[in-house]
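Welcome! Please take a look at the sequence and the 3D structure below, and then read on for a short tour.

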Amino acid sequence: MSPLLFNVYVDELIESLSASGCGCHIGRMFYGCIMYADDLLLLSPTLTGLQSMFHVCDSYAKDHNLVFNVKKTCCAMIGKHRSVIRPLVLAEQAVPCTDRLRYLGVSFTCSNTLDVDVSPVRRNFYAACNSIIARSRVARGSIDHV
């Protein structure tokens, strides 16, 4: 029940980010915010847009008694022009820039292109499947011998 209530609670944040006009859009669809449980990924074609999205998050956090953990926050840029003139700020703290980040177990390396490594997630998936298969064989085997 907790994840469902959290989603209802932060739905207004996603709507506010979409209404800000910042972030990534394809046609009329907003793709500037990807959220799974309490993990939030903001996407923007410009640093100015990303900073505006941080301001929306700051405002929402103050109004709803939320705290963004800036220690777990980073900025990654893709493309030729990857220098930051002034630091991005969230919750009155500078957000560090990085070339590598992890989101939901997936590793991203950002340079002129974006490289994605899903092998850890794939390994975990196969391990979980193998565990289920092994347990189902044991259960099925014990039924066969009754």
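How many residues lie between β3 and β4 in their hairpin? The hairpin has two residues between these strands, and A37 in the turn has a positive phi of about 55 degrees. This is a predicted model, where local features need pLDDT of at least 70 and side-chain atom pairs count only at pLDDT 80 or more, while totals for chains, interfaces and linings use all residues. Residues are numbered from 1 along each chain as its sequence is written, and side-chain values use heavy atoms, leaving out hydrogens and water.

Strands β3 and β4 run antiparallel and are joined by four bridges (strands pair if DSSP finds at least two bridges between them). Y36 has D39 in β4 as its bridge partner.

Here are the elements of this tour (DSSP runs, helices being H or I with at least four residues and strands E with at least two):

| Element | Residues |
|---|---|
| Helix α1 | 2-19 |
| Helix α2 | 47-64 |
| Strand β3 | 33-36 |
| Strand β4 | 39-42 |

Now to the helices. α1 and α2 pack at an angle of about 150 degrees, with their axes 10 Å apart (axes are lines fitted to C-alpha atoms over the stretch in contact, and angles run from 0 to 180 degrees between N-to-C directions). That angle makes α1 roughly antiparallel to α2 (the term covers angles over 145 degrees).

Terms used:
Parallel < 35°, antiparallel > 145°, perpendicular 65-115°, else oblique.
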